[in-house]
Amino acid sequence: MLIQEGLSLEEKLKILTDAARYDVSCTSSGVGRRGKDGFLGNSRTDGICHSFSADGRCISLLKILLTNQCIYDCRYCVNRRSNDTLRTAFTPEEIGTLTMEFYRRNYIEGLFLSSGVLDTPDYTMEQIYRALLLLRREYRFNGYIHVKAIPGADPALIEMTGYLADRMSVNLELPTAGGLRTLAPAKTREKILKPMRQIQLGIARQLEREGRLESRGIRMDSIGREPSLPDPASALEEGSGHLKTGRPVLAEGSKSPEKGRPALMDDGGSREGRPRAIPGKSVYGNFGLGRVSAYRPYFVPAGQSTQLIVGATPESDYQMMAVAEALYRNFGLKRVFYSAFVRVNDDSLLPELPGGPPLLREHRLYQADWLMRYYGFAASELLDEARPNFNLFLDPKCDWALRHLEQFPVEINRAPYETLLRVPGVGVKSAVRIVAARRRSALRFEDLKRIGVVLKRAAYFITCSGRMMTPVRLQEDAIAAALLGEERRRLPFDSSGLYRQLSLFDDFHLQEGEKSHGSLCV
Amino acid sequence: MVLYVCEDSTEGILCGVYDAWASRLGHDRVGLALAGAYNYEMFTEYRPVLTDRAKAQKVERAVRGKISERAWRWVYRATLSREKEKADAVYRFLIHGFHIGEAVTQCLQIPQVHALFALNRAVACEAHHQKEFLRFSQLPDRVLFARIGPKHDVTPLLMPYFCDRMPSERFVIWDAGHERAGVHVKGGLWYLLAGREAARAAALEKETDAGRYALLWQIFFDSVAIPERKNEACQRTHLPLRYRPYMTERFSRS
């Protein structure tokens with residue numbers, strides 16, 4: 001390991017930014033805090049992006065490593081011990097000055113501090129704690145701080161750091177224990193999940209002190225009692241057939257209780273299996289205090305997050321989503337981030353990616369993540385073992401709707417909020433607006449356009465006062481073709497090489513039987 | 001038809017609303033226009049509106065009390081818009097507002113309500129973008145200076161935000177397009193300057209030093225992008241070209 005002394009601040013910043021950029025999380029949201037006299041900074045619950053780098057990702061925080069020295073040799077990591085790169089470290093003063101001066105000039109919303117593991121996890125965590133303490137106490141910084149909890153560090157150190165930070169994260173990186181064993185031999189699942197559980201408990205206790213547990217629907221005694229994180233690989237090997245996501249998943253082939261009657265048209269009382277969709281809020285409840293006073297310390301008020309690498313190991317999308325769902329449900333995470341695998345190391349254990357990082361797959365996982373958190377979809381509704389991967393041609397919501405045409409069309413002027421959310425082209429904002437606006441008068445298609453509904457997509461799935469927008473006979477494959485043309489224009493990145501000869505039957509997983517009763521007569 | 005011609009300011013437009021309403025000519029027979037921003041029409045009478053703070057405050061109180069704080073925020077933001085028809089849009093919205101009451105902001109199916117909503121949203125988005133992309137540079141005595149070029153006159157929305165964020169910093173925000181300047185002195189007090197005094201603030205720009213931190217920021221900005229994920233179209237969607245001349249970082253274009 002080459003440790004360079006006497007580097008300038010400019011050189012250090014370049015090295016330690018290069019080393020930190022593969023962490024995708026860059027949000028400054030989740031906590032609202034006003035400014036205070038003598039301090040610099042405040043924080044907004046919706047977060048602020050200050051710039052966008054050449055890869056189109058937002059720059060919100062000064063994302064740097066404390067040091068890129070590391071005792072571990074994780075195969076996928078740019079900072080692994082066996083890589084022959086220049087190693088350096090920031091001093092706490094350098095981090096403080098950079099953060100303050102960047103913040104004053106409105107370049108950043110705060111600090112994202114991560115680190116390689118130097119000597120021991122305890123020593124690293126202590127260095128991180130010292131840097132934050134200096135920034136908060138001496139430099140009097142009141143802006144946003146996101147910091148990593150180092151697995152294996154003393155819980156007391158993590159606890160102390162949590163009171164200086166707004167958000168903490170521990171990266172799971174690989175969704176299966178097996179993947180972790182292969183690519184990150186020094187880490188184990190238990191070691192990663194331990195600090196995650198500690199932070200979850202810390203946040204819950206903070207909510208309890210503020211008397212907010214009940215309003216968030218969280219029960220202290222249930223934390224840690226729920227099944228822990230499913231391991232998709234082992235679950236499948238055992239042949240149990242489905243993942244333990246904390247909720248019974250319908251066995252393959254069994255009839256869904258909703259089938260055969262228009263479940264989406266009633267008042268929503270029959271869908272006990274589904275989480276309740278709260279307008280504009282995550283269905284998993286809100287771990288993290290949110291709005292806080294600037295005059296008292298709080299433990300991780302913006303909640304915790306984690307990251308999963310997409311495409312470094314052969315997990316399916318369904319396995320990824322099942323893990324994400326369990327993380328939200330059992331570990332009270334605020335966000336799970338998905339990071340398309342970038343092959344930074346030439347290693348025989350890592351997959352070759354001739355087409356570049358799997359960006360479209362990452363995009364689909366994010367779409368599905370939002371469907372789970374804000375739209376009340378369960379992972380098992382979007383995917384199952386029979387079709388474990390997302391359709392690359394259609395977004396997960398359109399894909400779901402096409403497979404459930406029996407639940408459409410939805411009457412805009414009567415359907416409950418949860419049902420409106422499931423219509424392609426209707427988002428959280430437009431669903432909230434529809435529910436508010438229709439109290440005054442029945443809505444027509446031109447009104448929906450004003451409200452913000454994307455009629456190009458919604459037109460096939462809705463009626464306004466009993467009428468559809470285009471009075472034609474529609475079938476799954478016709479709708480699919482129309483939506484597909486639109487989606488192809490909308491894809492934000494070059495997906496050349498991705499398209500092959502399309503067969504609607506294969507690509508949309510339509511079966512002959514489904515087709516016959518799935519067509520719509522209008 | 002009687003057109004009330006008002007000054008292009010929040011107070012001017014509110015006074016126009018007051019006069020048009022008080023004329024009792026009937027809503028269909030009156031309208032509002034901004035001074036210097038209308039064409040003469042046949043059979044229309046033009047009445048100038050005198051801007052008077054007391055009248056404007058009466059309208060403000062009525063909107064906040066009889067409709068809602070939210071409706072007031074919409075109206076206030078809409079008056080900062082650059083659109084010429086904003087005065088009439090405010091008037092048409094308030095007709096529905098005083099009739100429906102608090103629920104008016106939920107009735108987006110009413111065209112006049114949606115028109116004001118759209119004005120309000122455009123101004124709010126512009127203000128949000130400026131909060132993101134505005135860049136300060138430093139004058140010799142640690143005073144911060146920013147030059148912006150927003151479409152709408154959002155400086156009054158930016159000042160409270162930056163004052164809360166940086167209570168101990170002195171700073172100047174100079175809007176080159178509208179020739180207005182916001183000035184914050186320590187202790188949370190801020191002023192809005194126009195005309196000759198604002199031009200004096202503009203002259204400060206020559207004294208800023210690009211400085212070491214601008215260079216460090218450029219290093220960070222270039223390093224944080226992942227080369228394998230390069231995607232300038234996506235970058236352009238989130239950070240439109242029109243903001244870039246005012247920003248510290250330089251964008252390499254291929």
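Helices (H or I, at least four residues) and strands (E, at least two) are taken as DSSP runs, numbered from the N terminus. On this basis chain A of the predicted model has 18 helices and 12 strands. Chain B has nine helices and eight strands.

Of the 522 residues in chain A, 48% are buried. In chain B, buried residues account for 41% of 254. Contacts were then sorted by sequence separation. In chain A, contacts between residues at least 6 apart in sequence were considered, and 73% of these join residues at least 24 apart. For chain B, 69% of the contacts with a separation of 6 or more involve residues 24 or more positions apart. The C-alpha trace of chain B spans about 65 × 45 × 35 Å along its principal axes.

Chain A contains an open sheet of six strands. The strand order is S4-S6-S7-S8-S9-S10, and the pairing is parallel. S4(A) and S10(A), the latter covering residues 335-340, stand at the edges. Each has a single partner strand, so one side of each lacks a neighbour in the sheet. Neighbouring strands of this sheet are turned by 20 degrees against each other on average, direction ignored. Within the sheet, S6(A) spans residues 110-114 and S7(A) spans residues 144-148. These two strands pair in the parallel sense over four bridges. In this pairing, Leu111(A) of S6(A) stands opposite Ile145(A) in S7(A).

A parallel pair also occurs in chain B. Strand S5(B), residues 144-148, pairs with S6(B) over five bridges. Leu144(B) has Phe171(B) in S6(B) as its bridge partner. S6(B) itself covers residues 171-175. Five of its five residues are buried, so S6(B) is largely enclosed by the rest of the structure. In a regular strand the side chains alternate between the two faces of the sheet. Both faces of S6(B) are covered. On one side lie Phe171(B), Ile173(B) and Asp175(B), and on the other Val172(B) and Trp174(B); all are buried.

Helix packing was examined in chain B. Helix H3(B) covers residues 69-79, and helix H4(B) covers residues 86-100. Their axes are 9 Å apart and meet at an angle of about 165 degrees. Angles over 145 degrees count as roughly antiparallel. H3(B) and H4(B) are therefore roughly antiparallel to each other. Their crossing is left-handed. From H3(B), the residues in contact are Ala71(B), Val75(B), Ala78(B) and Thr79(B). These meet Lys86(B), Ala89(B), Val90(B) and Gly97(B) in H4(B). By class, the contact has five nonpolar, two polar and one charged residues.

The two chains touch each other. In chain A, 49 residues are in contact with 40 residues of chain B. Several elements give two or more residues to the side of chain A that touches chain B. The helices among them are H1(A) (9-18), H2(A) (92-104), H13(A) (428-437) and H14(A) (445-451). The strands are S2(A) (51-52), S3(A) (58-59) and S4(A) (62-65). H1(A) gives the most, with six residues. By class, this side of chain A has 22 nonpolar, 12 polar and 15 charged residues.

Methods. Residues numbered from 1 in each chain as written. Chains lettered and ligands numbered in written order. Predicted model: local features only at pLDDT ≥ 70, side-chain atom pairs only at ≥ 80, totals over all residues. Axes fitted to C-alpha atoms, helices over the stretch in contact; angles between N-to-C directions. Parallel < 35°, antiparallel > 145°, perpendicular 65-115°, else oblique. Left-handed = near helix turned anticlockwise from the far one by under 90°. Contact = placed C-beta atoms within 7 Å. Nonpolar A, V, L, I, M, F, W, Y, C, P; charged D, E, K, R; others polar. Pairing = 2+ DSSP bridges. Buried ≥ 20, exposed ≤ 12 C-beta atoms within 10 Å, placed from the backbone.
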